[in-house]
Amino acid sequence: MAEKLKYLFLIFVIILTLNCGISAIENDNPPEVFRTANNLYEKADFHGAIEKYQSLAEGGIRDKSIYYNLGNAYYKTNKIGLAVLNYKKAHKLSPRDKDITANLAFMRERVVDQIKYEKNLPQIIWENTISILTANEWVILCTILYLIFMSLLIICVLKKDISDEIKFYKNMTFIIFCFVLIFSISSYIAGRQMEAVITSDEVDVRNGPGENYSKGFILHEGTEVFVENDSGGWLEIILPNGLKGWIEKNNIQFTKD
């Protein structure tokens, strides 16, 4: 009997080792995991697909396709909050992708709390301009313009006979560089804001960090907020319309990994 138990234990260890080896191989091969997730999605196994996509995201792979597909899979399972969250993550990585923008807009329409953004026309134009590029793309563009300007400046300093055309390009490059520098700084500051999405079905927003405080209002999954303060297990949030309150941490997820 003891001999049989020894063999059974040995078989169990071998199987466990093989499974760990397969998992390790799978985790070390993100393209294969991504293909597996896509196949599961096509077979309508959305929960299985979510598990695979999520493993890639949690493994540190920041790719718009992963977050976009996660958003689609969560939408199929009627998880509006998590769908919005992942579409926003994808949009941050690729703000000009039409499919991501369209799906994010569609999902926002399904959110219960239709909070109107209190913004004037200049604010809207400014934010839309900044969102054309990612923060990294603004920095790259700013660097390129700076190098062009410095090159033209050096030419103007070293050469005595400089055409008005080169001087014009130098001045225009400097002006454009200044604007792009401002956009880069603004994009960086905007990226520092702690954006988050309500992922629980319904959340009580209280007037202080604790259940002993009175309820101020209720929010539903998919509502986008900014986080201002952290107090233990509670976060102070502010809505786009300026309304503030406190919610428990486990009801919210940040758009920035």
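Student: What makes Tyr53, Tyr74, Val84, Tyr87 and Met107 stand out in the largest nonpolar core?

Tutor: These residues touch the most other members of that core, which has 25 residues. The model is predicted.

Student: Which helices each supply at least two residues of this core?

Tutor: They are α2 (30–42), α3 (46–58), α4 (64–76), α5 (80–93) and α6 (98–109). Helix α5 gives the largest share, 7 residues.

Student: Which residues does Val84 touch, leaving aside those up to four places away in sequence?

Tutor: Val84 touches Leu104, Met107, Val111, Val197, Gly222 and Glu224. A contact needs heavy atoms within 4.5 Å.

Student: What does the second, separate core include?

Tutor: That core has 13 residues, including Val203, Val225, Val227 and Leu235.

Student: How much of the protein counts as buried?

Tutor: Of its 257 residues, 35% count as buried. The cut-off for buried is under 20% relative accessible area.

Student: Why is Tyr213 called partly exposed?

Tutor: Buried means under 20% and exposed means over 50%, with partly exposed in between. Tyr213 has 37% relative accessibility, so Tyr213 counts as partly exposed. Its place is the loop between β2 (202–206) and β3 (215–220).

Student: Which residues does Tyr213 touch, not counting those up to four places away in sequence?

Tutor: Tyr213 touches Arg206, Asn207 and Gly208. As for Trp246, Tyr213 is 33 residues away from it in sequence, and the two are 9.4 Å apart in space, C-alpha to C-alpha.

Student: Which residues form the nonpolar patch on the surface?

Tutor: The patch is formed by Phe168, Tyr169, Met172, Phe174, Ile175, Ile176 and Phe179. Together they have about 680 Å² of accessible area.

Student: How do you know that Phe168 is partly exposed?

Tutor: The relative accessible area of Phe168 is 48%, so the label is partly exposed. A patch residue needs over 30% relative accessible area. Phe168 is in helix α9 (residues 164–192).

Student: Why is Ala44 called partly exposed?

Tutor: Ala44 has 48% relative accessibility, and therefore counts as partly exposed. The label exposed would need over 50%. Ala44 is in the loop between α2 and α3.

Student: What is the phi of Ala44?

Tutor: Ala44 has a positive phi of about 70 degrees, although it is not a glycine. Asn78, also not a glycine, has a positive phi of about 65 degrees. Asn78 is found in the loop between α4 and α5.

Student: What is the mean pLDDT of the protein?

Tutor: The mean is 84, and 86% of the residues reach 70 or more.

Student: How many helices and strands are there in the protein?

Tutor: There are 9 helices and 7 strands. Of the contacts with a separation of 6 or more, 54% are between residues 24 or more positions apart.

Notes:
Residues are numbered from 1 along each chain as its sequence is written. This is a predicted model: local features need pLDDT of at least 70, side-chain atom pairs count only at pLDDT 80 or more; totals for chains, interfaces and linings use all residues. Side-chain values use heavy atoms; hydrogens and water are left out. A nonpolar core is a set of buried Ala, Val, Leu, Ile, Met, Phe, Trp, Tyr and Cys residues joined through side-chain atoms within 4.5 Å. Buried means under 20% relative accessible area, exposed over 50%, partly exposed in between (1.4 Å probe, protein chains only). Helices (H or I, at least four residues) and strands (E, at least two) are DSSP runs, numbered from the N terminus. Patches are made of residues with over 30% relative accessible area and no salt bridge: like charges are joined within 9 Å, nonpolar side chains (Val, Leu, Ile, Met, Phe, Trp, Tyr) within 5 Å. Accessible areas come from the Shrake-Rupley method with a 1.4 Å probe; for residues, only the protein chains shown count as cover. A salt bridge is a side-chain nitrogen of Lys or Arg within 4 Å of a carboxyl oxygen of Asp or Glu. pLDDT is the predictor's confidence in each residue, from 0 to 100.
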